[in-house]
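Hi everyone, thanks for coming. Please have a look at the structure on the screen, and then we'll walk through its side chains together.

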Amino acid sequence: MKSQALIILALTVIAVNATLGTDVSTAVSASQWSCLKSNSRVFTIIRGYQSFGQVDPNVVNNIKNARAGGQADVDVYIFPCVTCGNPAGQATALVDAIRGQNYGMVWIDIEVYQWSSSLTSNQAFITTMANTLKNLGQHVGIYTSYYNWQSIVGLSWSGVSWAPLWYAHYDNNPSFSDFQAFGGWSSPAMKQYNGSSTICGVGVDLDWY
């Protein structure tokens with residue numbers, strides 16, 4: 001009975017300390033952000049760059065609306081256009097567009113889409129983009145999954161393991177109990193645990209740390 005009570009206590013502590021959030025790729029109003037906050041979604045990661053090679057036209061208003069709606073932490077992610085080339089130019093374009101806005105980190109979205117069959121070419125692209133963002137004064141993170149990383153750059157490549165990891169695993173379980181080390185990361189910073197949900201009329205992915 002004592003061990004069972006300790007387990008219950010540990011789970012309660014985890015639940016109390018859990019921080020729930022979302023990531024979005026569409027325009028969201030301040031009132032919708034406020035509604036998300038009322039549904040215990042207190043942080044967000046907003047798409048800032050689109051996979052076909054342009055800054056997301058909604059990114060600045062989304063940052064402003066998220067803050068107005070009471071989101072405690074607001075980050076941005078860049079979905080690279082691999083076929084466009086010029087990763088440094090893409091990173092610079094995003095930073096120029098959001099300069100002066102109230103955001104935290106910039107996450108690089110690494111998932112299976114348009115990547116080269118050459119692992120070394122993909123590694124060079126990601127390295128250039130990450131280093132450009134860092135040199136521009138950004139706090140950089142990496143979004144990916146175990147299998148995407150394996151396919152795109154190889155599980156053992158650790159060239160950007162200096163950046164925090166936000167990993168995807170759609171098990172509907174807001175915990176790190178499923179995490180498998182890869183890419184030089186022994187522990188993650190954040191998890192995307194559901195890839196398709198609707199809250200307050202907004203299409204969102206669900207995140208936790």
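Let me start with a question: which residue lies over the face of W162? It is K134, at 4.0 Å from the ring centre. Please keep in mind that this is a predicted model, and that goes for everything I'll say today.

Now to the aromatic rings. Searching the whole structure turns up 15 aromatic pairs. Take F79 and Y113 as an example: they are edge-to-face, with 5.6 Å from centre to centre and 75 degrees between the planes. F79 sits in the loop between β4 (73–78) and α4 (87–98), while Y113 sits in the loop between β5 (105–109) and α5 (119–135), so this pair ties together parts 34 residues apart in sequence. How do the two partners compare in accessibility? F79 is buried, at a relative accessible area of 15%, whereas Y113 is partly exposed, at 37%.

A second pair is W149 with F182, and this one is tilted: the centres are 6.4 Å apart and the planes make 55 degrees. If you wonder why that counts as tilted, stacked requires planes under 30 degrees apart and edge-to-face requires over 60, so 55 degrees falls into the rest. Here, too, distant parts of the chain are linked, with W149 in helix α6 (residues 146–152) and F182 in the loop between β7 (165–168) and β8 (190–199), 33 residues apart. Both are buried: W149 has a relative accessible area of 0%, and F182 has 4%.

That pair also belongs to a wider picture. Ring pairs join W149 and F182 into a cluster with Y146, Y147, W157, Y167, F176, F179, W185 and W208.

On to the cysteines. How many disulfides do we have? The count is 2. One of them joins C35 to C200, with an S to S distance of 2.0 Å. The torsion about its S-S bond is about -80 degrees, so this disulfide is left-handed. C35 is in helix α2 (residues 30–38) and C200 is in the loop between β8 and β9 (202–208), so the link ties together parts 165 residues apart in sequence. C35 is partly exposed at 28% relative accessibility, and C200 is partly exposed at 23%.

The other disulfide is formed by C81 and C84, again with the sulfur atoms 2.0 Å apart. Its handedness is right-handed, with 65 degrees about the S-S bond. C81 is buried, at 2% relative accessibility, but C84 is partly exposed, at 44%. If you number the bonded cysteines in sequence order, the pairing reads 1-4, 2-3.

Last stop: the nonpolar cores. Which residues touch the most other members of the largest core? They are I108 and W149, in a core of 46 residues. Beyond its neighbours within four places in sequence, I108 is in contact with I78, P80, M129, A130, L133, V140, G141, I142 and Y143. Apart from this core lies another one, of 10 residues, including F43, W166, A168 and M190.

That's my tour, and I'm happy to go back to any of these residues on the screen.

Methods: Residues are numbered from 1 along each chain as its sequence is written. This is a predicted model: local features need pLDDT of at least 70, side-chain atom pairs count only at pLDDT 80 or more; totals for chains, interfaces and linings use all residues. Side-chain values use heavy atoms; hydrogens and water are left out. Rings of Phe, Tyr and Trp (its six-membered ring) pair if their centres lie within 6.5 Å; planes under 30 degrees apart count as stacked, over 60 as edge-to-face and the rest as tilted. Helices (H or I, at least four residues) and strands (E, at least two) are DSSP runs, numbered from the N terminus. Buried means under 20% relative accessible area, exposed over 50%, partly exposed in between (1.4 Å probe, protein chains only). A charge sits over a ring if NZ of Lys or CZ of Arg is within 6 Å of the ring centre and within 35 degrees of the ring normal. A disulfide is a pair of cysteine sulfur atoms within 2.5 Å. A nonpolar core is a set of buried Ala, Val, Leu, Ile, Met, Phe, Trp, Tyr and Cys residues joined through side-chain atoms within 4.5 Å. Contact means heavy atoms within 4.5 Å.
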